[in-house]
Amino acid sequence: MKRSSLLILILLISWVYSYAQNYTISGTITDSQSGESLIGASSFDLTSKKGAVSNTYGFYSLTIPAGDVCLQYSYVGCMPQEICFDLRKDTIINVRLEKNAVLDEIVVVGNRSELGVQGSQMGAISIPIEQIKAIPTLFGENDLIKALQLLPGVQSGTEGFTGFYVRGGGPDENLFLLDGVPLYNVSHLGGFFSTFNTDAIKNVTLYKGGFPARFGSRLSSVLDIRMNDGNNKKIKGSIGIGIISSKINLEGPLFSEKTTFNVSARRTYFDILSQPVIKYFGKQEGFESLRAGYYFYDLNAKLTHKLSDRDKLYLSFYMGDDVVYLKMREKYESYNQGENGQTNRYESVDEARINLNWGNLLTVLRWNRILSNKLFMNTTATYTRYRFDTGIGNGFESDDPEEDNYNIDMIYKSGIEDIALNLDFDYSPNPNHDIKFGMHYTNHRFRPGVSVAKVMDGPEIPLDTVIGNKNILAHETIIYAEDNFNIGPFFKANLGLHYSSFLVQGQFYHSLQPRVSARALINKDLSFKAAYSYMSQYIHLLSNNNISLPTDLWVPVTKRIVPMNSHQVSAGLFYNLKDLVNFSVEAYYKSMDNLIEYKDGASFLSVNSNWEDKVSLGRGWAYGFEFLAQKTIGKTTGWIGYTWSKTERLFDRPGQELNYGKVFPAKYDRRHDISIVISHKFSEKIDMSGTWVYSSGNWSTLGLQEYLGGTYISQRNNYRNPDYQRLDLGVNFHKQKKRGKRTWNISIYNAYNRMNPFLIHPGTDTVETYVTDQYGNSYYTYETKKVLKQISLFPIIPSVSYIYSF
Amino acid sequence: MKHPYTIYILCILASLLFSCEKDLEFNGKETKSLLVLNSFVCAGEPISVNLSKSRFFLDNNEDFEYINDADIKLWKEDEIVSSFTFISNDGDYLNNYIPKEGETLRITASSPGLDPVEATVQLSSPPTILKVDTINHSKLYYWTFEEEYYPDYVEGDLSFDMTVHIKDPRGVANYYRIFPYLIVTYKDGNVFTSEILDIDSNDPVLSNTNNSFFDSEENEGYFNFSDELFDGKEYPLKLSWRLWMSSTIYHYEEIISLEAVVELQELSKEYYLYEISREAASRAEEGGGLFSEPVQIFSNINGGIGIFASYAKTTYNISIELPEKSDANPPIYY
């Protein structure tokens with residue numbers, strides 16, 4: 001006993017001694033022009049060959065041996081900076097890196113971020129926001145989600161929509177984090193546009209596998225989106241005018257460098273421009289007034305205040321809504337004979353109203369504190385809400401005493417509301433360990449659908465009736481810890497544990513989820529990585545498979561509908577070619593349990609208390625491999641991605657069988673998926689970009705045989721739609737003006753006018769034939785012919801937009 | 001520009017209108033017609049079968065073809081029990097074998113040019129109705145006329161609340177169908193049976209069976225349900241029904257007795273799955289199919305399509321007292 005204690009003491013002393021001569025260099029890495037903190041920037045000591053990467057708030061901490069050190073700070077798109085000195089004490093170095101969008105390829109320093117060859121993270125991709133902005137899109141609207149759909153492992157679902165299907169997962173299995181806060185609805189206009197205004201975004205990272213322990217709550221992906229803090233040097237901004245919408249972005253210091261703001265707003269104006277036409281048609285139809293329209297808007301705002309060198313305060317706000325409205329007012333006159341024989345004239349007004357309003361609201365209050373040069377704390381209080389409100393009303397008012405006046409309004413409300421408190425820590429005790437730990441608590445309030453009837457019958461007291469479900473409260477708690485550590489010069493691993501619990505209606509679910517991600521460095525440019533993740537999810541989205549409807553409803557797990565979970569293993573090779581191009585090949589296998597699917601014939605329009613009866617629980621699996629070659633620096637940037645994948649489902653639980661309890665392919669099971677994205681800067685005045693995508697078609701369910709009494713469907717998803725392919729092109733013309741820069745963007749969506757399938761269905765064609773009979777009479781004959789029809793949404797669509805930046 | 005919005009709207013509309021529908025060449029494999037066999041077997045009754053042929057969904061022929069030249073055999077424990085005899089040009093066949101409760105029967109059918117089919121079913125046993133409690137809300141009138149050529153007739157609203165006490169066997173999944181009907185007996189000996197379409201229930205066992213949004217209030221005069229919520233128990237199943245009746249609708253003769261009958265059928269699992277999937281398909285079609293999942297109508301015919309299922313029935317008769325005859329003027333109903 002004494003011996004072992006002595007041994008432990010010696011080991012402890014030697015451990016402490018081994019680090020006794022070490023000092024910590026810490027600080028923040030920012031962009032010199034804007035003052036924006038740089039996420040994932042590298043600080044690397046060329047002497048000890050030790051390095052660290054800045055966290056989400058630009059903070060880094062590097063503990064290295066005392067003596068001569070030569071630190072190299074680098075970030076993609078920035079000039080590297082070297083600082084050499086004699087390290088004799090703990091030192092704070094705040095670094096400002098010079099931005100240079102197009103670097104000479106020679107001076108670029110290797111990507112040492114966690115996502116590349118050197119890091120332990122796999123299954124994750126980060127795309128520079130400038131590259132996302134350069135990708136040509138539908139109607140010229142920059143779209144983050146649609147850009148990410150071009151990455152391997154991500155399927156877009158239906159053409160033109162912002163569907164997001166990652167590695168065989170469903171659309172509700174993705175965690176969209178805006179400044180660390182979940183956003184529930186990420187699309188506008190039924191899914192044609194995403195809610196993220198690219199002007200407000202600083203950094204985007206998509207995790208498809210190998211999830212670090214700090215993330216959870218969804219099975220298939222995490223999309224971590226960070227908003228710009230705001231330029232702390234000068235007021236900057238841009239104004240963009242496009243076919244669909246216009247937007248404005250303004251950022252800069254507020255009073256001093258310590259406080260910055262960033263505000264971005266976007267609104268469509270189809271409704272405003274179409275009002276005169278609608279008014280005209282209203283008059284033609286005899287309405288006194290007719291107003292109708294649709295618009296969506298986004299408002300992003302962020303305030304950042306530096307309280308001290310150690311404390312920073314952030315206030316983020318996002319609000320986005322889709323609004324559909326219709327108001328018809330009809331006025332008419334009526335006459336009747338009075339008791340004294342006189343003619344009375346009366347006026348009546350009939351009014352109909354429809355109002356649909358759905359969207360997100362998100363508020364984040366965050367406090368960063370550098371507790372010590374090794375410990376960073378992040379405290380966050382958040383409020384997020386998704387709501388869908390429908391109002392349909394009808395009123396009648398007349399001064400004729402014999403007429404009954406009334407006013408009826410039916411309101412349907414549903415949504416989800418979260419209040420959360422998060423506490424996260426980054427701890428870097430030495431260069432070999434980067435520890436993250438924390439806890440999150442979320443109070444969910446689900447509103448599965450409440451109808452309110454407001455009836456005003458004449459002058460009587462109004463009668464309000466509430467029909468439907470009460471709010472459902474749920475408590476979700478997360479505790480996590482992860483350590484990203486080196487084992488010698490060649491091995492690096494990220495080990496983590498994520499514990500989550502969910503309490504809803506007396507039902508308590510919890511799970512302990514191990515996460516492992518490891519890297520073996522074969523040489524400085526080539527590494528092998530492997531990862532395992534176990535994930536649990538406690539909420540489901542009741543949704544149409546095809547399109548994103550505002551009626552899509554988030555519901556919690558229940559006693560019958562248990563949490564979904566998944567196991568994912570992945571492995572891959574990562575190669576860095578001369579610090580210019582990153583290659584990766586990843587293979588994965590993912591099994592998913594307790595997935596939900598609508599039962600045969602279940603209607604999406606009937607989302608009410610018995611939704612549990614409409615769904616079946618089952619399992620699924622997905623496997624495949626992904627290839628990605630990505631170039632993010634130089635005059636030519638972009639990527640080539642290829643995915644081979646297979647995704648299947650099995651719903652064979654007694655009473656919940658789908659497809660006779662046999663295996664069937666998932667709707668978005670696509671065998672091949674290729675995407676090529678290229679941007680090239682010809683000069684300061686002109687740059688061009690193009691994307692080409694090709695993928696196997698989605699599955700459809702067709703009744704291929706008809707018989708007396710019905711249509712025979714041999715299998716769910718039994719017919720493969722035609723392949724999908726599309727070429728988009730875009731060109732930007734820049735010109736330096738007196739007070740800023742103007743950019744004309746011309747885009748062509750679907751440049752070779754490929755008619756891609758949106759929907760296929762059986763239909764009929766009528767064949768007209770001109771015949772002449774034996775008597776010389778000529779006439780037409782009509783024959784109906786059954787055919788398979790394809791509906792395509794988007795032909796070639798050119799668009800133009802104008803941006804003025806100052 | 002004088003009217004920028006007009007140009008703008010035209011551009012948007014043009015792009016949407018050009019997005020189009022086109023004919024697509026079918027590139028699948030499942031184009032061959034299949035044999036369709038339908039047969040519902042009841043213990044104690046001869047077995048009839050209907051055979052037809054499916055058609056590829058792009059086949060322009062509007063008619064379905066009945067199979068009148070098939071070789072159909074009934075099997076029991078790998079031995080042929082008997083063959084079916086062709087009885088009509090509508091693809092009907094009959095067998096003289098009388099099946100018994102609990103028997104497992106296999107059917108095979110083949111026809112030139114089509115793949116042979118086969119299916120198996122176990123015959124159901126009759127369910128148990130312990131008793132039926134009723135509350136009669138009917139308002140019936142029995143009119144008598146002095147003129148000879150007018151028969152005395154019954155007219156009015158038949159309305160009943162019923163509690164049907166079912167005894168369910170423990171440990172096995174049972175599937176049922178319940179439906180009331182009316183038996184009307186006339187003075188000249190004629191007997192007519194009337195379906196009752198207007199039946200309703202708030203019973204959780206029955207309300208659980210309807211997944212429809214569009215027509216949740218409608219039914220087809222019966223309810224299919226399972227014993228999921230009352231396995232192995234005695235269950236008081238509640239339902240109510242209404243029927244507007246006029247004895248002269250069926251037969252121009254004086255009525256002498258009225259009976260309400262509750263028929264409870266025990267369905268084989270195949271029958272139940274077939275029924276609920278068929279109903280779901282019908283509802284999905286009514287709703288346009290756009291907002292609902294496609295429905296696979298259940299089939300247990302290997303190599304073909306259709307259903308080979310069994311049922312057994314139990315009935316419970318309730319005599320309905322006829323009102324006193326009256327020669328007062330009949331009320332006017334709307």
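Let's start in chain B of this predicted model: B:Ala109 sits across from B:Val117, a residue of strand 11 of chain B. Strand 11 covers residues 117-122, and one of its faces is covered, made up of B:Val117, B:Ala119 and B:Val121, while B:Glu118, B:Thr120 and B:Gln122 make up the uncovered one. Strands 10 and 11 of chain B form a hairpin with six residues between them. In that turn, B:Gly113 has a positive phi of about 85°.

Now for a sheet that takes strands from both chains. It's an open sheet of three strands, ordered 47(A)-48(A)-1(B), and the pairing is antiparallel. Strand 47 of chain A and strand 1 of chain B are at the edges with a single partner strand each, so one side of each has no neighbour in the sheet. On average, neighbouring strands here are turned by 50° against each other, direction ignored. In strand 48 of chain A, A:Ile791 is the residue opposite A:Leu759.

| Strand pair | Bridges |
|---|---|
| Strand 47 of chain A and strand 48 (residues 778-791) of chain A | 14 bridges |
| Strand 10 (residues 104-110) of chain B and strand 11 of chain B | six bridges |

How do the chains meet? 62 residues of chain A are in contact with 51 residues of chain B. Together the two chains bury about 5,300 Å², with 59% of it on carbon and sulfur atoms. There are two salt bridges across the interface, and B:Asp23 and A:Lys789 form a salt bridge through their side chains (3.2 Å, N to O). Strand 48 of chain A gives the largest share of chain A's side touching chain B, eight residues.

Notes: Residues numbered from 1 in each chain as written. Chains lettered and ligands numbered in written order. Predicted model: local features only at pLDDT ≥ 70, side-chain atom pairs only at ≥ 80, totals over all residues. Heavy atoms only, no water. Pairing = 2+ DSSP bridges. Helix = DSSP H or I, 4+ residues; strand = E, 2+ residues; numbered from the N terminus. Axes fitted to C-alpha atoms, helices over the stretch in contact; angles between N-to-C directions. Buried < 20%, exposed > 50% of the residue type's maximum accessible area, 1.4 Å probe, protein only. Contact = heavy atoms within 4.5 Å. Buried area = accessible area lost by both parts, 1.4 Å probe. Salt bridge = Lys/Arg side-chain N within 4 Å of Asp/Glu carboxyl O.
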